[in-house]
Amino acid sequence: MAEFKNKVIYQIYPKSFCDSNGDGLGDLRGVTSKLDYLAELGVSCLWLTPFFPSPQRDNGYDVADYRAVDPRFGTMADLEELIREADKRGIGLMLDMVFNHTSTEHAWFQRALAGEKKYQDYYIFKEGSPDKAPTNWVSKFGGPAWEYLPALGKWYLHLFDVSQADLNWENPEVRAELADILRFWKAKGIQGFRFDVVNLISKPAVYEDDHQGDGRRFYTDGPKIHQYLKELNEATFGRDPGIITVGEMSSTSMENCFRYAGADGQELSMVFSFHHLKVDFVGNEKWVLVPADFGKLKEILFSWQEGMAAHGAWNAVFWCNHDQPRVVSRFGDEGEYWKESAKMLANVIHAMRGTPYIYQGEEIGMTNAGFGSIDQYRDVESLNHFRILQEKGLTEENAYQILQIHSRDNSRTPMQWTSGENGGFTTGEPWIEVNKNCSYINAEAELQDDDSIFHYYQKLIALRKEYDVIAYGELKPLDEKNPSVFAYEREYQGEKMLVICNFYGKEVTWDSETELGEYQCVLSNYEVHNIEGSRIGLKPYEAVVLYKK
Ligand code: GLC
């Protein structure tokens, strides 16, 4: 398997990255035009979210054809050029494989609708009367997870939008088709795959109502999931040392992740788990307004760090992606300590054991969109919940407050390249509004400032390559119950690294168990440090990385 421990992966949401032809949508040529910027940052691999033909009900996660490029994003020749140009800069490409479901516009679903039995068996169809769905399961985007088709007299399962029909992995023909798609992309020189909600693909043998929850306990980490992943691995990427794989694991358990991302490489290289990003939810309910629980955040991150390491399994480490709000708005400070807090948050993740992922714009400190009018929103999940929240009795104002914090559109606004019109993203009308703060938060300004967030990310990426302790060392949490300091120690072959971060905007002192004078500071978001013996005084959002051999 490919060496991925000292690499950093950068996520691109092509629709919002860079528009090369002025139609208001980002495209593949736009990505190619920014490769030098990405090479300068120092990332090794680009994960591109889906650019396949799609009706775009869920921004491309509703795939209508897995082997082509949607004309909105360019052509296959554009993609081949991107692969070649990235390769020249030592950067690989990772594609997003949405294999839990297809768009209902996919030819397979269309043929199923036309009555072809073979293709009906590609999906999860159930006979039943139109007034009662086969189970009471709830879609992840709100509303029932089943849709009735009068023409067929059948229901089909959609764990996500009604236009995203779940595939039937029980059917070996489906598994063979999907493996073939991976081989197709491998042959084009793709070096990585991210598997969308892949721990939901194995459905239970019996479909029954869930009287305790929304149904997820029946299909999350389902009965044959490990068998399916092993099979896919063997049939496609498993024997190829150049390929990196990551599975998006929805509501998963750590025990399952030991196997998904085990050192034996039988399934995947690593996993995304999301428990640490539910610390501002109530249980699994994200459409609420509660403050983030720092104690829980540390506890979850540390338990995954230690648990996965104890089993030789590997984490992807991250704060942001296209489904999460911007981290500086979520756990940092968009105002006075914008720069310091963005750097500190980056530091917490990048010095951990695991492969870090950066989501476009995170490296320049982009903030939430905070849209205050429903016609500014584009995301299907947000639009559904804006309605659902009000149906539950919330005022419109409350519904907006919740969307402004949790909507996925917070991270989908266009990349801010310059302070100019539309942040330099497009010369046309952007498909979603550009954040007004592009006047001062933009890549151009960041590149010019030696002390910028961009340059801090660049240093963190370089540090992982320079100090083996980051990529290969053990991690030990320090002072776990401290209410404001996030600290841990890394150790590898006699090298030690201490990462000490003040998570808040108030100064604090922190007492270490060791003499800090023996260490050398290799990175920090402040120039001067207040260290005396084993005590360190931390300024607002200060992050310090200390090292000794
Ligand atoms: C994943 C994707 C998300 C998408 C969903 C359904 O969670 O990250 O954007 O909506 O799967 O494909």
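**View 1. What surrounds the ligand.** The ligand has 14 residues around it, and D58, H101, D196, H322 and D323 are the closest (a residue is near a molecule if one of its heavy atoms lies within 4 Å of it). Sorted by class, this shell holds 4 nonpolar, 3 polar and 7 charged residues (Asp, Glu, Lys and Arg count as charged; Ala, Val, Leu, Ile, Met, Phe, Trp, Tyr, Cys and Pro as nonpolar; the others, Gly among them, as polar). Keep in mind that this is a predicted model, where local features need pLDDT of at least 70, side-chain atom pairs count only at pLDDT 80 or more, and totals for chains, interfaces and linings use all residues. Residues are numbered from 1 along each chain as its sequence is written, and side-chain values use heavy atoms, with hydrogens and water left out.

View 2. Look at H101: an N or O atom of its side chain is 2.9 Å from an oxygen atom of the ligand. For the side chain of E248, the distance from an N or O atom to a ligand oxygen is 2.9 Å, and for R408 it is 3.0 Å. On its own the ligand would expose 300 Å², and the protein buries 96% of that (Shrake-Rupley method, 1.4 Å probe).

**View 3. The second largest pocket's lining by class.** Here the lining residues divide into 10 nonpolar, 3 polar and 6 charged (on a 1 Å grid over the protein atoms alone, a pocket is an open set of points where a 1.4 Å probe fits, with protein on both sides within 12 Å along at least five of seven lines; lining residues have an atom within 4 Å of a point).

Conventions:
A polar contact is a pair of N or O atoms within 3.5 Å; within protein, one must be able to donate a hydrogen and the other to accept it, and residues adjacent in sequence count only if both atoms are side-chain atoms.
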